[in-house]
Amino acid sequence: MTTTIDYGNLMHRAMRGLIQEVLTDVQKKGLPGEHHFFITFDTMHPDVEIADWLSDRYPGEMTVVIQHWFDNLDVTDEGFTITLNFGDNPETLYIPYDAIKTFVDPSVEFGLRFETQNEDDTTDEVAEAPMDEMVEPEDDKAPKEAEVVSLDQFRK
């Protein structure tokens, strides 16, 4: 049994579930209205499947746009497959959710960013500290009681 709750990874899993749900909806019904997505992913992730020329051209990360033309969107529990057009050259890509770094829908100013994190790193030191070791605010920074100010002094 672990001694902490890994909120970071739980949140990432929930956010990836949101992406899966959105893409599943697009797979069934198409993109509604002005919605479109910018998805940045790690091209070196071991489960990413892209053409060699794309991984050579984009070592590290790549951003794809799902907007006007896409085909064969297939969403699974682990990731999605999609065919996109690169200069009149259709290419099929497989992107696992774990490889996604950002997911943005600029039409509604919505975005998700996934921070990489080592399992050995401590993610939330305050939450791990026992309550009796929490630091109390200094007296001079403690909240003050509200004061009522009369506006009469500022009137001419």
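Me: Which residue forms a salt bridge with glutamate 61?
Reply: This is a predicted model. A salt bridge needs a Lys or Arg side-chain nitrogen within 4 Å of an Asp or Glu carboxyl oxygen. For glutamate 61 the closest N and O atoms are 3.1 Å apart, and the partner is lysine 101.

Me: How many residues apart in sequence are the parts that this pair ties together?
Reply: Glutamate 61 lies in strand E2, residues 61–66. Lysine 101 lies in strand E6, so the pair ties together parts whose separation in sequence is 40 residues.

Me: Is glutamate 61 buried, partly exposed or exposed?
Reply: Buried means under 20% relative accessible area, and exposed means over 50%. Glutamate 61 has 41% relative accessibility, so it counts as partly exposed.

Me: Where does lysine 101 fall, buried, partly exposed or exposed?
Reply: The cut-offs are again under 20% for buried and over 50% for exposed. Lysine 101 is at 26% relative accessibility, so it counts as partly exposed.

Me: How many salt bridges does a search of the whole structure find?
Reply: Glutamate 61 with lysine 101 is one of them. Lysine 29 with aspartate 25 is another, with the closest N and O atoms 3.5 Å apart. Arginine 16 also forms one with aspartate 98, at 3.7 Å. The search of the whole structure gives 3.

Me: Which residues form a nonpolar patch on the surface?
Reply: Tyrosine 7 lies in helix H1, residues 7–29. It is exposed, with a relative accessible area of 52%. The patch has about 320 Å² of accessible area together, and its members are Ile5, Tyr7 and Leu10.

Me: Which residue in the turn between E6 and E7 has a positive phi?
Reply: E6 and strand E7, residues 110–113, pair in the antiparallel sense over 4 bridges. Within this pairing, aspartate 105 has phenylalanine 110 as its bridge partner. The two strands form a hairpin with 4 residues between them, and phi is about 55° at glutamate 109.

Me: Which residue in E6 stands opposite threonine 40?
Reply: Strand E1, residues 37–42, pairs with E6 in the antiparallel sense over 4 bridges. The residue opposite threonine 40 is threonine 102.

Me: Which strands stand at the edges of the open sheet of 3 strands?
Reply: The order is E3-E4-E5, with antiparallel pairing. A strand at the edge has a single partner strand, so one side is left without a neighbour in the sheet. The edge strands are E3 and E5.

Me: In E5, what is the bridge partner of isoleucine 82?
Reply: Strand E4, residues 79–85, and E5 pair in the antiparallel sense over 7 bridges. In E5, the partner of isoleucine 82 is leucine 93.

Me: At what angle does H1 run to E3?
Reply: H1 lies across E3 and E4. The angle to E3 is about 130°.

Methods
Residues numbered from 1 in each chain as written. Predicted model: local features only at pLDDT ≥ 70, side-chain atom pairs only at ≥ 80, totals over all residues. Heavy atoms only, no water. Patch = residues over 30% accessible without salt bridge, like charges linked within 9 Å, V, L, I, M, F, W, Y side chains within 5 Å. Areas by Shrake-Rupley, 256 points an atom, 1.4 Å probe, with all protein chains shown as cover. Buried < 20%, exposed > 50% of the residue type's maximum accessible area, 1.4 Å probe, protein only. Pairing = 2+ DSSP bridges. Contact = heavy atoms within 4.5 Å. Axes fitted to C-alpha atoms, helices over the stretch in contact; angles between N-to-C directions.
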